[in-house]
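Q: Hi, I'm new to this one. Could you walk me through it?

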Amino acid sequence: MHSEFYFEKFRILENPSLLSYFSERLAEKFAPLSPNRVVGPFSGGAILAYDLARILGVKAAYAEKMGHGRVLRRGFDLRGERVVVVDDVYTTGRSLLATAEAVKRAGGEVVALGVMVLRGEVALDVPFFYVLRLQLPSYKPEECPLCAAGVPLRVPGRGST
Ligand SMILES: [Zn+2]
């Protein structure tokens, strides 16, 4: 997708007190669900997961890329655990949902999902929470008015998750 705007999540993640603003609001939503673990996709989602786990007083873990999906390595054992799965930004939800699948394969029960920033549309069958909703226009390349106007294309942040 093409857009005039690019949201750089690492400007939040690099600032621990700003990150905690988001973590504390998500923790309020997650606490009533009594989770035992917070899991996020490496790297941005993992940083959020560890801050949330510290606030909730539970363990954290992270899911790493493998092929087209995500996997829990490092001996993380989630059997019997109630798990919340988090990511920094939800656009298509691909990394969040791949992490939820990895949690289930590792024996955990996904009790909720959450993100700092919601950019896309969500249709999920588990509780989902977000702190900030950003509705920035984006376009399919063939329908992009910026390209039509000859604006050069740039690809920022590639490979940051
Ligand atoms: Zn374009």
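A: Happy to! A term to begin with: donors are N, O and S atoms within 2.8 Å of the metal. Bear in mind that this is a predicted model.

Q: Thanks! How are the donor residues of the zinc ion spaced in sequence?

A: The spacing reads H-x141-C-x2-C. H2 and C147 link distant parts of the chain, as they are 145 residues apart. H2 is in strand β1 (residues 2-3), while C147 is in helix α5 (residues 145-148).

Q: Which atoms coordinate the zinc ion?

A: The ND1 of H2 and the SG atoms of C144 and C147 coordinate the zinc ion, at 2.0 to 2.3 Å.

Q: And is H2 buried or exposed?

A: H2 is buried, because its relative accessible area is 13% and buried means under 20%. C147 is partly exposed, at 33%.

Q: New topic: helix α4. Which of its residues are buried?

A: Those are L96, A98, T99, A100, A102 and V103. They pack against several strands, including β2 (37-41), β5 (82-90) and β6 (109-118).

Q: What comes after α4?

A: G107 follows α4, and its phi is positive, near 95°.

Q: What about V85, where is that?

A: V85 is in strand β5, and it is buried, with a relative accessible area of 0%.

Q: Which residues does V85 touch?

A: Leaving out residues up to four places away in sequence, V85 touches V39, L96, T99, A100, V103, V110, A112, L113 and G114. L96, T99, A100 and V103 are also among the buried residues of α4.

Definitions and conventions:
Residues numbered from 1 in each chain as written. Predicted model: local features only at pLDDT ≥ 70, side-chain atom pairs only at ≥ 80, totals over all residues. Heavy atoms only, no water. Donors = N, O, S within 2.8 Å, 3.2 Å for Na, K, Ca; no water. Helix = DSSP H or I, 4+ residues; strand = E, 2+ residues; numbered from the N terminus. Buried < 20%, exposed > 50% of the residue type's maximum accessible area, 1.4 Å probe, protein only. Contact = heavy atoms within 4.5 Å.
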